[in-house]
Amino acid sequence: MAKATVILFLLLSHISVGTSVLANEQKTWCVAKPSSDEKTLQENINYACSQVDCRILQKGCTCSSPDNLMNHASIAMNLYYQAKGRNHWNCHFGNSALVVCTDPSYGSCIYE
């Protein structure tokens, strides 16, 4: 009986460690939900940029184009999400955001 308990413990420990390592290796990003309204997107930009450096959104910078709220909100929200440790609760924004596994980078605008 004791041998079975040790084997079960080792098996569960391995599964737990393996899952933890895999989860840490998975890169994720935070983007605005397409259904978000303009007021919410602007509030998200204002909040995120009050907490992190959003200079990459300034005119002429790598992520300033396309110049629309959906794009700028996604970038600002992702900057916040990445800076706060990529925790799912740092990508909530009043249920107006999504955590994605596909890199949303485009052209010279690289999502960190």
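Guide: A disulfide here is a pair of cysteine sulfur atoms within 2.5 Å. This is a predicted model, in which local features need pLDDT of at least 70 and side-chain atom pairs count only at pLDDT 80 or more, while totals for chains, interfaces and linings use all residues. Residues are numbered from 1 along each chain as its sequence is written, and side-chain values use heavy atoms, with hydrogens and water left out.

Counting bonded cysteines along the protein chain, the pattern is 1-5, 2-3, 4-6, and a search of the whole structure finds three disulfides. One of them joins C30 to C91, S to S 2.1 Å. C30 lies in strand β1 (residues 29-32) and C91 in the loop between α3 (69-83) and β2 (97-100), so this pair ties together parts 61 residues apart in sequence; helices (H or I, at least four residues) and strands (E, at least two) are DSSP runs, numbered from the N terminus. Their link is right-handed, with 85° about the S-S bond. Both C30 and C91 are buried, where buried means under 20% relative accessible area, exposed over 50%, and partly exposed in between (1.4 Å probe, protein chains only).

Next, C49 is joined to C54, S to S 2.1 Å. The torsion about this S-S bond is about -100°, so the disulfide of C49 and C54 is left-handed. C49 is partly exposed at 28% relative accessibility, whereas C54 is buried at 11%.

Finally, C63 and C109 have their sulfur atoms 1.9 Å apart, and 105° about the S-S bond makes their link right-handed.
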